[in-house]
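These are my notebook entries on what I looked up in one structure, written down in the order in which I went through it.

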Amino acid sequence: PLTLKQFSQILWGAYGVSAQKYGSFLKTAPSAGALYPLDIYCVVGQRGVETLTPGIYHFRPENHAVELIKQGDLRAEVARQALQQMWMARAPLMLVITGEYNRSSMKYGPRGVTYTHIEAGHVGQNIFLQAEAIGLKAGIVGAFNNRGVVATMGFPPNHEQLLIMPVGYSK
């Protein structure tokens with residue numbers, strides 16, 4: 001399993017709060033207009049993260065906390081919805097990056113979708129860098145059945161899944 005400290009560090013590096021200015025939280029990834037249209041969900045497996053029960057968690061950057069939204073080890077089901085890429089189910093943790101396009105599009109119109117995708121790339125890179133810095137490895141998956149992932153994970157349908165990133169130790 002990952003330690004709670006490793007889990008916390010990965011989440012902070014991905015999209016954690018790095019500063020507070022002008023009454024807003026700034027995060028570790030750049031965001032067009034500081035609108036932060038992304039959410040990060042954690043698929044924690046059995047013995048995935050010490051002291052956490054298996055389940056789907058939603059990362060809350062503003063208070064650096066996770067909220068359990070669905071119980072159970074759902075790694076295999078998420079992997080099935082990722083076009084049967086069952087190798088991912090062996091990782092103790094999967095991070096699912098979602099975008100709520102309206103958060104950016106309300107200011108930038110259709111270009112907000114592009115800005116959301118760019119931001120997801122930054123967060124993905126942060127996860128790779130942070131994992132490597134603390135002795136872990138990360139992968140990245142962009143092929144999945146969107147409706148199947150939403151149904152499995154139970155997050156709001158307006159949260160478009162953009163990336164799935166398994167995180168763990170190398171062999």
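**Entry 1, the largest pocket.** I began with the lining of the largest pocket and sorted it by residue class, which gave eight nonpolar, three polar and three charged residues. I note at the outset that this is a predicted model, and I read every value below as computed from it. The lining is made up of 14 residues, and R90, A91, P92, G168 and Y169 are those that lie nearest the centre of the pocket. For the space inside the largest pocket I wrote down about 320 Å³.

Which strands each supply at least two residues of this lining? I found β7, residues 137-138, and β8, residues 160-168. The largest share comes from β8, which gives three residues to the lining.

I turned next to helix α1, which runs over residues 4-15 and so has twelve residues. From its first C-alpha to its last α1 reaches 17 Å, and I set this beside the 16 Å expected at 1.5 Å a residue, to which it is close. I then listed the buried residues of α1, and they are Q6, F7, I10, L11, G13, A14 and Y15. How wide is the arc within which these buried residues fall, seen down the axis of α1? The arc is 165°, so the buried residues line one face of the helix.

My search of the whole structure for salt bridges returned seven, and I looked into some of them one at a time.

I took the pair of D39 and R103, whose closest N and O atoms are 2.4 Å apart. Are the two partners buried or partly exposed? D39 counts as buried at 9% relative accessibility, because the cut-off for buried is under 20%, whereas R103, at 22%, counts as partly exposed.

The salt bridge between E67 and R60 has its closest N and O atoms 2.7 Å apart. Here I noted a relative accessible area of 36% for E67, which is partly exposed, and a relative accessibility of 36% for R60, which also counts as partly exposed.

The side chains of R75 and D73 meet in a salt bridge as well, at 2.7 Å from N to O. In this pair R75 is buried, with a relative accessible area of 13%, while D73 is partly exposed at 33%. I also recorded that salt bridges with shared partners join D39, E100 and R103 into one network.

**Entry 4, the loop between β2 and β3.** I looked for residues other than glycine with a positive phi, and I noted A34 at about 50° and Y36 at about 45°. A34 lies in the loop between β2 (24-27) and β3, and the place of Y36 is in the loop between β2 and β3 too. Which of these counts as buried, and which as partly exposed? A34 counts as partly exposed, with 38% relative accessibility, whereas Y36 counts as buried, with 9%.

I then looked up G48, which I found in the loop between β3 and β4 (55-60). G48 has 0% relative accessibility and counts as buried. How far apart are the C-alpha atoms of G48 and V167? They are separated by 9.8 Å, although the two residues are 119 residues apart along the chain.

The other distance concerns K171, which is found in the segment after β8. K171 counts as exposed, at 93% relative accessibility.

Conventions. Residues are numbered from 1 along each chain as its sequence is written. This is a predicted model: local features need pLDDT of at least 70, side-chain atom pairs count only at pLDDT 80 or more; totals for chains, interfaces and linings use all residues. Side-chain values use heavy atoms; hydrogens and water are left out. The expected span of a helix is 1.5 Å times one less than its number of residues. Buried means under 20% relative accessible area, exposed over 50%, partly exposed in between (1.4 Å probe, protein chains only). The arc is that of the directions from the helix axis to the C-beta atoms. On a 1 Å grid over the protein atoms alone, a cavity is a set of points where a 1.4 Å probe fits but cannot get out, and a pocket is an open set with protein on both sides within 12 Å along at least five of seven lines; lining residues have an atom within 4 Å of a point. Grid points are joined across faces, edges and corners, and a volume is the space filled by probe spheres set on the points. Ala, Val, Leu, Ile, Met, Phe, Trp, Tyr, Cys and Pro count as nonpolar, Asp, Glu, Lys and Arg as charged, and the others, Gly among them, as polar. A salt bridge is a side-chain nitrogen of Lys or Arg within 4 Å of a carboxyl oxygen of Asp or Glu.
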